[in-house]
Every structure is written in structure tokens, then in C-alpha cells.
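Please look over the structure below; some questions and answers about it follow.

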2 protein chains.
Amino acid sequence: MIARDELEIHIESVLDRFLPDAARPPQTLHRAMRYAVLGGGKRYRPRLVYATGRLFGLPDTLLDHPAAAVELIHAYSLIHDDLPAMDDDDERRGKPSCHRAFNEATAILAGDALQTLAFEVMSSIPDGSCPPESVLKAVHTLAEATGTAGLAGGQMLDLEAVSRPLDLEALTDLHLRKTGALIRASILIPVLLAPDRVRAPVEPLQRLARDLGLAFQIRDDILDATADAKTLGRNPGGDERQHRATFVTLLGLEEARLRLARCLAQCRDALSAFGPEAAPLRSLVEDRAG
Amino acid sequence: MIARDELEIHIESVLDRFLPDAARPPQTLHRAMRYAVLGGGKRYRPRLVYATGRLFGLPDTLLDHPAAAVELIHAYSLIHDDLPAMDDDDERRGKPSCHRAFNEATAILAGDALQTLAFEVMSSIPDGSCPPESVLKAVHTLAEATGTAGLAGGQMLDLEAVSRPLDLEALTDLHLRKTGALIRASILIPVLLAPDRVRAPVEPLQRLARDLGLAFQIRDDILDATADAKTLGRNPGGDERQHRATFVTLLGLEEARLRLARCLAQCRDALSAFGPEAAPLRSLVEDRAG
């Protein structure tokens, strides 16, 4: 687990700054958005943005935008995934899910508005900190990762999987979209934003972007099968109860662990092209081994 | 009513081209998105984009992107507004609403993915047809119009209004967000995309953008109180049944008609700065008088 650190405090303050003021109308909507985003989560995706962007010497004033954007997209997707019509989860990060704390209509709108806010934040990267055509490419990459080729498509495949058994190939496709796409974008967007600075090889980062997304999900599946509720922030064993295919149910625990180890080895290998400046990225990879 | 014409056929083909192929997985999600967008609606917002953009000589290859984007945002908002947790409408444009034709989870995701697609389409305006910093400003304007200061905020105020009586000022604020913001963006985005071509005065267009949004809603309220189901594409009198404040319930039918006439007069006045090249915009204004 990532310890509470300076970066976490920074990310929290950046999100707080970009989120609409709870005192401005419609207050309930703004409160629901803030409830779902602030004060929880490991901030894995924004951490990837900073770790990758700092590798190229990009300033935080620039990185704050994509870092917040990927977390806002993540938060929106969690709110909608938890809805009664979707996964019907009453808890999230150890507290009532958004539609339980507010109501369904408010939760739907809060998710909607968080998605919009992500694109608002991305398109307001300060003039001059980066070429506008690079920002546009980054906006496009975020949209691709969020849409039916990514997050939304992955959630749809996941819903369909409840009534239809998945094989390993289909499960991998599902998670490369549902979890992988946004993890991948969190690494690729800073690369896009640094067109003049990328002296470091880009290809290993592209490999890392893909492998880390898969490692992320395999580890989540292992945790769901083995951890207790406190570690998980929700009830464990939910996958098995819902008869949902996971890397553990399809491969067994041992083989899933082997796959995770292989994924992580590929991530480490991709980072071997870099020196000590890649330490924050390495520690985000090792976090998945923990 | 706007007759079926060449532009309608063009808009339909542009939307068809930007929407994901129904044969690609996840097929059900792609089918739901296409169901909600294609084959219906007056396409008022994309018509505004073309009418304004052509005034500055912008090519259709460029305008196709914002025209599709505003319609995709509109379609996303209708799907989510119709959900059981929101307005709970079974019909839309004379056919079953998206969650009735598919199911709730699919409808939520289809709306989500249509919003994303709008930003994907906006950020993929072809290189060289327009300065990238102008495209970024246009993306930002679309996001502002869609978020809590616009569409999503307006829908939240609308939901809250069911249990809380609104006065005229609050109702106007609600509709400047819920309907007005996207109408406004449909005029302002082409202006932003034409920084080198805007020889025509911009200020009247900004006034038009605001007044037309309000005219749009006042006329909808009048129609809801007076038209039959066939003209409306849904059951009329819904506002009154839901004890929802409208310009008609607050002002009475006569005064609402006077306000609409005043709004439209301001729109005509704003367009008096232009010559015959503004005929398409004028006819979109007159459509609201019909």
C-alpha cells in the first residue's frame, strides 16, 4: 500500500481546487461530486501521471491537469458502476457509495458532471506550458480511454459477463478496457504533453502502460479472493458470489499469481532503460506486487 | 417545424460516421448509442453550428465535428433525463426511450459513452483546418456548457424543483443552464473556431446565443401546455401533471407568449447586423415562432 505522503496531499489539494465549490448552486450536486472524489482512494492514476511527467521534467502546474482529469474519470466510473442498475454496491472506499449517501438521480448526475469536468480540466492547461496540438492529442487519448474502446466498453462487457461465461482471452480484453485503458492513458498522456522533452525512449513506456494495466487487475482479483474487508474497503469475495469470471476463478490462485509476477517482470524490464529518475514509476510497479 | 431537407440528411450521415459500428463489440452498447442518436430529432443544435459557421465561410469538414458533438451531448442528456431515477419517461421522439428499448444499465452506459464521444469528436478536428488553440477553446466551451454550470446543473435544479416551488428568476436560471447553455455553445463554438475569419460583429451573435436558448425553452413550455401528443413526440401536459414550474404555469399562457415574442424580437434584432448570408440563422429563429 502507498503510504500517505506529500504527493497524496498535493493531489487532494489539486482535486479540491478543480472541483466546484459546494456553496455554489446546485449545492447538492457539487457536494455529491466532492463526496465521491475527495478523501479517499490511493490516487494510483494521478501518481502515474506525476511519475511519468516528472521523468521528462514537466512542471506540476501542467501535470496537475491530466492528474486531476484521470482521477475525475476514475471517480465518475466508480459512481456509475456502483448504481443499483449496474453492480449495485452500497459501499465504496469504506463509506456509503454515492447513490446511498445522496440518491440515485444525484449520483447519476454527479458521475456525468465529473466526466465533463475531466475534459474541462484537460482543455484548460495553461497557455504556453505545452503546445496546444499536444494538449489536443492528450484530450483525444483521454476520450479514447474513457469511451467504448476503453472504460465504458469494459464495463459493458463486465455486465454482459454476469450472464455469459468468459474465457481468458475475453477476460483479458475486458480488463484491458475497463482498468487498463485509463492506467495506460495515465502514462501516455504525459508522454504526449512532452513532445520536445522526450529524449528518453518512449517505446518501453508504451509497453509499461499496457502491462501495468493488466497487472493492476490481476492483483485486484487476487486481493478480492484472499484479502479481508478492511484491506479491501469493501466486502471481499464479491466476484465469486456474483459468479463473475476473474483471473483467479479462471486460472486458479497459483497461476494468477504467476501471471501477475510475469506482468510485473515485464514492467520492471520496460523500466530498465531508465536510471534512478524512474524510481517513482518503479515504486508504483512494486506497489502492485505488495 | 423544420422540413426534412438536405442538411438533415447530411447531419444524419455525419452522426452515423462518428458513431461506433454496431457490429464491433460491445455490440449492445453501440446499438443503444445509435438507437438514441440516429433517425430522430430536429437537429436544432447542429443546424445552429452550420448556420453560424457557414456565415464565416468555415468548411463543413470542420463544422461536422462540433455539429456532431453538440448533438451527441444533447442525446446523452436525453437518455439520462429519461431514466427511472430521473424523469422516468418511457417514450422519446415517439419511440421507447433508451432504457425501455434496452435496459437501465445499458442506457446509463450509452449516455456516458455518448458524452465521451462528443469530446473525442471535438478533439479530432482535422489538423490544419483551424488553429489548435481555437479547437482547445471550443472543447472548453463545450465542457462548460455540459457541466454543472450548464446542462448537468440545469437538470439537477430541475429535479430539485419538483419538491420546491420556483420563482421566475430561478426558473430562468434553470433553463439558461439546462437548455440555454448548449444552444449558446452551438453558436459560440463556430465563432471560436473562426478566429481569422470573424469580420462580422461577434457581440450580436453572443446576444443571440443567450436569447435563443431562452426562447427555445419558453416555446417548449407553451407547446407542452397546448400541443397534442403527435406534435410533441411524447404525452403533453407532463409539466402540469408533475406540478413542475414552467413559464406557462408561472406566467400564464398569454404572458408566456408575450415573453417568447420579446425574446424572438431580440434575436431578430441581433441578426439585423447581418445580410442575406444569415438567412439560415434567421430561419432557425423563426422556427421558434412557429
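A crossing is left-handed if the near helix is turned anticlockwise from the far one by less than a right angle, and right-handed if clockwise. This is a predicted model, in which local features need pLDDT of at least 70, side-chain atom pairs count only at pLDDT 80 or more, and totals for chains, interfaces and linings use all residues. Residues are numbered from 1 along each chain as its sequence is written, and chains are lettered from A and ligands numbered from 1 in the order in which they are written.

Q: What is the handedness of the crossing of helix 9 of chain B with helix 10 of chain B?
A: Helices (H or I, at least four residues) are DSSP runs, numbered from the N terminus. Helix 9 of chain B passes helix 10 of chain B in a crossing that is right-handed.

Q: Which helix of chain B gives the most to the side that touches chain A?
A: Residues are in contact if their C-beta atoms, placed from the backbone, lie within 7 Å. By this rule 40 residues of chain B are in contact with 40 residues of chain A. Helices 2, 6, 7 and 8 of chain B each give two or more residues to that side. The most, 11 residues, comes from helix 6 of chain B.

Note on methods: Two residues are in contact if their C-beta atoms, placed from the backbone, lie within 7 Å.
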